[in-house]
Amino acid sequence: MRFLLLAALVCAAPLAAAVQRHGQDTLTAAVAVPLLVVAARVCGRWPLAGVAVPVAMGLAASTELLAPEYWPALAVFGYLAGQRVAARPALWFLSAVALAGLPLCVFVQRELWAWPTQLLTLLLATGLPWMLGRHRKQYTELVGTGWRLAGQLEQQQRTAADRARLRERARIAGDMHDSLGHDLTLLAVRAGALQVDPDLDADQRAAAGELREAAAAATARLRDIIGVLREDGEEAPTVPRAGTVREVVQGARASGLTVTLAGGEAADGLPPMARHAAHRVVQEALTNAAKHAPGAEVRVTLAYADARCTVTVANDPPSDAAPDTGRGLASGGAGLVGLDERVRLAGGTLRSGPTGEGGFEVTAELPVAEPPVGASAAPEPPGEAFPVSAVNAVHAVHEATPGLGPGPGSSTSARELALARQRLRRSLTQTVLAPLAVVVGILLLSLPVSLVSSSLSVLDEDAYAGLRPGTPRAEVEDRMPMFTRDGPPDAAPRTPEGQRCVYYSTALNSGDAYRLCFARGALAAKSRVGRTG
């Protein structure tokens, strides 16, 4: 359907001219219409070939391209070429047509002034539609880029929401591991102590053993679940939970651990984040001591020094005489890693490792003062950064849009949108300025053309006097100047019907002209026309 509409549009003008003017125009239409139909068929794949067909037929009909029946085809194919062809091939094509028109005007039309007219017609009929088509293409690309960026931003928003949900699940998982793991470990320690209590009968000790094994199994299942939910690099919870260091130590003592506390009140004056980190350091260290050093004495020390609070949890080697109450308790190996992240978020540092006596020590240094908002007292550990969030991408696009280009920190989407806007502005500027520049160039070209045409179109008076009506046209043209005058003078009479007249200047910059009229291939009449003719 599109092909039929295009063919009808470009063929309508030649058919109308053939109907209105019979004879030669009918034969011309019989040749032009099939060629235009072929051009309409191939213009999708070869746009410049589609433009070349009406250009060639227009030059065949008029060297100056003053053939109105081909102007619609020139405009339509030029517009389509602007949407499908890059700038460089199209400019090469139009330049080739303009250069080819010069020898046609010189040697065929023998009128140098026909060349500026041809260039102006080519600009208006083909060049300007091509620029409009190219601008339309750039505008369509900008709209497509906008929709694509909107889709990307929407996807980024969905991704950010999904990441927030996953992050929250990971935080819940961390809290479950930190709190429930500690409680289950203490439960297993208490059950292990009951299992070896001589005051209980065999059934009670067996029940205590089953309880210890159940707590160990629950700890293992909890570790498996946390391993699924927790991801590498996830942030630790930033909201403190209820509980103090003193309460954690008291709970551990009640479970059978030998724990001493020094300076426990020091944690009460810490900022919320640091206080919660201290609570977690003690909790995790006591849990590890219960698992890996049963029967060992554990020392918890909190002390202030240089505006920092140092939390130290150290345990002795496991006692050989103590029952292995931690046997079977699972360890995921992520406790100290998560603990280090939580301490870092609070602005502190964490160290851990074995002692020289065979025990284990965990030390955290926490700031006494609250860190500034948006600042981190501890450096960010190396790792892969998260992608730009949807909100940041939106801000980057809005920041990049008003200017000609994005800033150095802009996102890829912002740079793509800015480049599309630059191409659109450049296309619009070229659409407006390029025709004006070409018109100015044609006007400047008219000055030397006028000088050359005026000097080379002067007919000698003796040569004019020697012309006789009836002389064959070829013989007459051999005696004539190289170029004809640019049209008749203002006072010239109308061309006689059935004749074709040419004009030659009587002198340089003269207002008069010699008119030679031809009919049936011979000179029919000659006269001097103009102000004094």
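Q: Which residues of H5 are called buried, and what makes them so?
A: In this predicted model, the buried residues of H5 are Ala-90, Phe-93, Leu-94, Val-97, Ala-98, Gly-101, Cys-105 and Val-106. Buried means under 20% relative accessible area, so these residues of H5 fall under that cut-off. An α-helix has 3.6 residues a turn, so residues three or four places apart point the same way.

Q: How do you know that the length of helix H5 agrees with its 23 residues?
A: H5 covers residues 87–109.

Q: What is the strand order of the open sheet?
A: The order is E1-E2-E3-E5-E4, with mixed pairing.

Q: Why are E1 and E4 called edge strands?
A: Strand E1 (258–262) and strand E4 (349–354) each pair on one side only. From one strand to the next, the twist averages 10°.

Q: What makes E1 and E2 a pair?
A: Pairing needs at least two bridges. E1 and strand E2 (residues 297–305) have five, so they pair, in the parallel sense. Thr-301 in E2 is the bridge partner of Ala-262.

Q: Which strands does helix H9 touch?
A: H9 (residues 272–292) packs on the sheet and touches E1, E2, strand E3 (308–315), E4 and strand E5 (360–367). Its direction makes about 10° with that of E3.

Methods
Residues are numbered from 1 along each chain as its sequence is written. This is a predicted model: local features need pLDDT of at least 70, side-chain atom pairs count only at pLDDT 80 or more; totals for chains, interfaces and linings use all residues. Side-chain values use heavy atoms; hydrogens and water are left out. Helices (H or I, at least four residues) and strands (E, at least two) are DSSP runs, numbered from the N terminus. The expected span of a helix is 1.5 Å times one less than its number of residues. Buried means under 20% relative accessible area, exposed over 50%, partly exposed in between (1.4 Å probe, protein chains only). Axes are lines fitted to C-alpha atoms, for helices over the stretch in contact, and angles run from 0 to 180 degrees between N-to-C directions. Contact means heavy atoms within 4.5 Å.
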